[in-house]
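Colleague: Can we go through the pockets and the surface of this one? Put the model up first.

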Amino acid sequence: MEPTKQAFNEKLHWYKDAIIYELHIKAFCDSNGDGIGDFGGLMQKLDYLQELGVNVIWLLPFYPSPLRDDGYDIADYYNINSSYGNIPQLKTLLHEAHQRNLKIITELVINHSSDQHPWFQRARSAPKGSPERNYYVWTDDPSQYKDVRIIFQDFEASNWTWDPVAEQYYWHRFFHHQPDLNYDNPLVQQEVFNLLDFWCNMGVDGFRLDAVPYLYEREGTNGENLPETHAFLKRLRAHVDAKFPGTVLLAEANMWPEDSASYFGDGDECHMNYHFPVMPRMFMALQMEDRYPITDIFDQTPAIPPTCQWAIFLRNHDELTLEMVTDEERDYMYKVYAKDPKARINLGIRHRLAPLMENNREKIELLNSLLFSLPGTPVIYYGDEIGMGDNFYLGDRDGVRTPMQWSPDRNAGFSYANPHQLYLPLILDPEYHYESVNVEMQRRNTSSLFWFMKRMINMRKKHKAFGRGDLTFLNVDNPKVLAFLRKYEEETLLIVVNLSKFAQVAEVPLEGYKGFALIELMSRNKFPAIGKAETYFFTLAPHTWLWFSLEKAHPEIDQKKAIPLIQVNQFKDIVSKGPRAEMENAILPAYLKQSRWFTGRAKQVYNVEIINQVNIPSSPEALLLLIEVTYESGLPEMYQLMVTFVQDAVAAKLGNSFPHSIIAHMHIGGQEGILCDALYVTSFQQWLFQNLLRNETLAVKENNQLKFYNNGALGAYAAQHDDIKPKIYEGNRYQSAITYDNSFFLTIYRRVDYYINPDAEITHFLSEQAKFEHIPPFLGAIEWMTDKGMITTGMLQVMIENHGNGYSYMKERVYNYIERILAMNQDHLPSWESQGSLTAPVSFEQLPPELKDLLGIRAAEQARLIGVRTGEMHLALASGNNLKDFRPEEFSLHYQRSLY
């Protein structure tokens, strides 16, 4: 997401810092004993909401209704369902809420009405073409608008329904008892302005615009996001801003980010909009233990006007919608989160948050930490703050709309009515029973979920960066760890989340924050300051999340590390007799021991010798050293090291960012600087790329050549990119690498020998000869021709984003398989007869259904894919019959007996 900056008006832009609490009047508290919640009951609980810390209440529809769609089928826009109360009670509620600094958002269901609404009853009886009939959309031809999708596919076969009274078909995007209003009729538009004025004059602070993308219909379109819809919203927004400034319009547009963002307009349509695609991807990231679903959807999210705001949520009154995911992602979500098929409805899952997380407290807290720290205004669904359960056997979405659980007493403290009189039954599942999961019990326990939510809400409200700040994801090597910064004005917050059920380590890059202290927000504990390398190392417990404030500090950072000094007249003199001995005896042994890429750190080094060197005519000049390390036992090893001399700003930058690149302090004549690993110097990184681009061969010494070559792919890229930016990459422990524009990856081999490097050799063959597509393509190499043989110095490839390796993935799947077995009833473990053999295995599809569930379809598919790719790679390797080094060898008896 692109950063936005704006001076906020606290009165007009209050929604930026809001925490919204969604509730249904009927489900919250019953004050008159009829088994249905009402305004009187809600007023009794305002102090609870104030204590919890929320500052906005979103009321689901409370209008007169046949209640065939839980109130979204409105029969009168200007009144209140008598079961909930009346207009004077609503006015009292608004007054009491505002006294507690609580704002009220209600529903503006403007796409459709109930078929019991007087407008529709009048329309069906009026003549065709009359103003009354045209309040709705009618046709004699039900093949109209055939390109429009059916949203409730579980319930409706068409968007047209025949009306025997009108003797025409009427249009509906949702249930057939909810006919769509006709926005091509100016009278309908005026009705919407009138009813908005009515509720605004009463004191409502905002409106959720239900199903707003579907207001208009046009032939040849999908009926969504039409220009006419946006034109009407601009008129509606202008009306609100002129007459009721500070009143919020919140759009419900369940679409991909770029389509949803269009409902902000240029800051002149809706103030807020739900970011629907974020919600399922938070659940996916947690289950997959990979941050990519989250980072990817935010990468797809365009910048929005600075006065606008996303609303994000974990659960709400509907199903966990899976419209905005791919078919594969939907299948995956069904598999892991809707194990009982009855939990599925439409394109979603009808579960509350706690059952989705199998009542795992750590997972519930982790998801809430994301809800409150990612960009947008968080929305909490009533009851989720105490971990309420659900009952999907109640049908439709009623399973997540059961009475609020206040106490372990009669009817969970919701009502004193006869239990049979309740609008829906209470949750009696032993795990979520109202006697154990209720507000009263959790209020008493400061370790409860209620108290956790209370603390988190309070922390969110203290830090404006959460609601207003920019978002910057940090490139952590471990894909199971999500880390990002939220910045607003002088405040910078760091959020680190371990998505894995196992402990993880993560090195978080924090460039530009050297010397800043990390203050943990919940405890205010001060963590050590960020060091010279501008990275921070975390060891994270399973499903851990951490919130930090980065605050300027001035701790004493040790910059006087014992670094040796070498003095020469010219740079190349470091390999002359006197300095060479100092390099071999003192400087290089110490440097090698502290280098990550040195594989002999655990061994006793006997001798270090520079056995070859090449002068490199770069700027600054450099030396390529071939170093032989001899140990007290075992074979010697060879390493290559490119070194150079830098001063002033470049030396200071290396000292701050890459202190491990410094080999020694260095005096050349009267000049002072440092001897360092040249790979960390930007100009040297660029010099390497330019030589690869030009296919240079440097005859730098007798019997020594440094050959650079590429396969022709660099020229086209370089012709279109003038400023190619290099960056050192330290993700591989045993090699070093430089990335260029995040497009190319140059591996520099540290440990070398006088033979063809198998990594470069096989990559070159698979990419150039066998045309194997499933590896990063080979682009070129750097080769050092010596009198003893050729040394592969480096290899250039296309840079491909990496999210782990197959070994780690399959090891985790095996762990999951074992865990599922351990979770079963150990007294009644299922057994299956052995099927197939090593040479004739059965396919996953042939296994019994119970065994398929135990193994996991996703793991099986990934294992199959790994097998296919491995087989394809071996076939590719075996295709080199014309090349001696790749020609298949006979697996003879002699060869077999020689193996041990």
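Colleague: How do the residues of the lining of the second largest pocket divide into nonpolar, polar and charged?
Modeller: This is a predicted model. The lining has eight nonpolar, three polar and 10 charged residues.

Colleague: What volume does the second largest pocket have?
Modeller: About 560 Å³. It is lined by 21 residues, and Thr-326, Glu-328, Glu-329, Tyr-332 and Arg-858 are the closest to its centre.

Colleague: Which elements give two or more residues to that lining?
Modeller: Those are α9 (278–288), α10 (292–299), α11 (327–337) and α24 (857–877).

Colleague: And which gives the most?
Modeller: α11, with six residues.

Colleague: Switching to cavities. How many of 30 Å³ or more does the structure hold?
Modeller: Three. The largest cavity has about 430 Å³ of space.

Colleague: Now the outside. Which residues form a nonpolar patch on the surface?
Modeller: Phe-502, Val-814, Tyr-815, Ile-818 and Leu-822 form one, and together they have about 460 Å² of accessible area.

Colleague: Where is Phe-502 found?
Modeller: In the loop between β17 (491–498) and β18 (504–509).

Notes. Residues are numbered from 1 along each chain as its sequence is written. This is a predicted model: local features need pLDDT of at least 70, side-chain atom pairs count only at pLDDT 80 or more; totals for chains, interfaces and linings use all residues. Side-chain values use heavy atoms; hydrogens and water are left out. On a 1 Å grid over the protein atoms alone, a cavity is a set of points where a 1.4 Å probe fits but cannot get out, and a pocket is an open set with protein on both sides within 12 Å along at least five of seven lines; lining residues have an atom within 4 Å of a point. Grid points are joined across faces, edges and corners, and a volume is the space filled by probe spheres set on the points. Helices (H or I, at least four residues) and strands (E, at least two) are DSSP runs, numbered from the N terminus. Ala, Val, Leu, Ile, Met, Phe, Trp, Tyr, Cys and Pro count as nonpolar, Asp, Glu, Lys and Arg as charged, and the others, Gly among them, as polar. Patches are made of residues with over 30% relative accessible area and no salt bridge: like charges are joined within 9 Å, nonpolar side chains (Val, Leu, Ile, Met, Phe, Trp, Tyr) within 5 Å. Accessible areas come from the Shrake-Rupley method with a 1.4 Å probe; for residues, only the protein chains shown count as cover. A salt bridge is a side-chain nitrogen of Lys or Arg within 4 Å of a carboxyl oxygen of Asp or Glu.
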